[in-house]
Amino acid sequence: MAANTVKFHKGNVQVVAHRGVSGLETENTCAAFIAAGNRTYYGVETDVYRTADGKFILNHDGNLKRIAGEDVCVEQVSFDVLRAAVLYDKDGVKRGDLHPASVDEYIRICKKYGKIAVLELKSNFTDEEIARLCAQIESLGYLDGVIFIAFNIENLIKVRALYPNQSCQFLTGEVSDEIVAKLSELKMDLDVHYHSLTKERVDAFHAAGIKINCWTVDNVADAERLADWGVDYITSNILE
């Protein structure tokens, strides 16, 4: 583990903790978020789904099987059922304090430690759900501290319909001239798999006024190369 945690010379790039510091603590738990809070990360990334009873829960896969050993579809059960699940620690043994985190817990931790909340919208949310989610974060006084990200660009468009100046990043595995044009039109930024980037592509997005986040970078040499190219953010499980 120690070899992976050596800090790289990051220049002006900001580092985002992927699902919290998921290289040290179980992903998307309060423990992982607090681990990020106690390190030099700029932001903390997580994933949000709707539950069957219309609430919101933080989880990546949409199913608890990998992190809890339970074949439970997140969108098909209640918030309380999901909260009761006990998750595996990094050693594969269940740990009593590890449960799927709530939006409130995540936002409060980010706010307490002064970290930007990078919130991936995983469900295909309705307009009403987006409004409730944003209002929930706004009630905690931290909507300005949130960057919304999503593979489904319609989720981001719904956010912008309510909050025209809200920071949004479109998630994609690949880049193209069409994506440059679309994001320039929507005034949104990019969150892309780092293998898709070259120095020329970074320059093209920046020329269009688009900031670049890239995922998931755990190797110091890769991170330093991307920093040299001028990416704005690097999302990582462990770099810091």
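A crossing of two helices is called right-handed if the near helix is turned clockwise from the far one by less than a right angle, and left-handed if it is turned anticlockwise. In this predicted model, the crossing of H5 and H6 is right-handed.

**Two helix pairs**

Two packed helices are described by the angle between their axes and the distance between the axes. The table gives these values for two pairs.

| Helix pair | Angle | Distance between axes |
|---|---|---|
| H5 and H6 | about 60° | 10 Å |
| H1 and H4 | about 15° | 9 Å |

Angles under 35 degrees count as roughly parallel, so H1 is roughly parallel to H4. H5 and H6 are oblique to each other. The crossing of H1 and H4 is right-handed.

Which residues make the contact between H5 and H6? From H5 come Asp127, Ile130 and Ala131, and from H6 come Asn155, Lys158, Val159 and Leu162. In the other pair, H1 contributes Cys30, Phe33, Ile34 and Gly37, which meet Glu105, Tyr106, Ile109 and Tyr113 of H4.

**Helix H5**

Helix H5 runs over residues 127-139. With 13 residues at 1.5 Å a residue, H5 should span 18 Å, and this agrees with its end C-alpha atoms, which are 18 Å apart.

The buried residues of H5 are Glu129, Ile130, Leu133, Cys134 and Ile137. Seen down the helix axis, the buried residues of H5 fall within an arc of 130°, so they line one face of the helix. Asp127 and Ser139 are exposed, on the face of H5 turned away from its buried side.

After H5 comes Gly141, with a positive phi near 70°.

**Backbone details in loops**

Arg19 is not a glycine, yet its phi is positive, about 60°. Arg19 is found in the loop between S1 (14-17) and H1. Asn28 lies in the loop between S1 and H1, and its phi is also positive, near 60°.

Are these residues buried or exposed? Buried means under 20% relative accessible area, so Arg19 counts as buried at 14%, and Asn28 counts as buried at 2%.

Trp215 and Thr216 are joined by a cis peptide bond, with omega about -25°. Thr216 lies in the loop between S8 (212-215) and H9 (220-229).

Note on methods: Residues are numbered from 1 along each chain as its sequence is written. This is a predicted model: local features need pLDDT of at least 70, side-chain atom pairs count only at pLDDT 80 or more; totals for chains, interfaces and linings use all residues. Side-chain values use heavy atoms; hydrogens and water are left out. Helices (H or I, at least four residues) and strands (E, at least two) are DSSP runs, numbered from the N terminus. The expected span of a helix is 1.5 Å times one less than its number of residues. Buried means under 20% relative accessible area, exposed over 50%, partly exposed in between (1.4 Å probe, protein chains only). The arc is that of the directions from the helix axis to the C-beta atoms. Axes are lines fitted to C-alpha atoms, for helices over the stretch in contact, and angles run from 0 to 180 degrees between N-to-C directions. Angles under 35 degrees count as roughly parallel, over 145 as roughly antiparallel, 65 to 115 as roughly perpendicular and the rest as oblique. Contact means heavy atoms within 4.5 Å.
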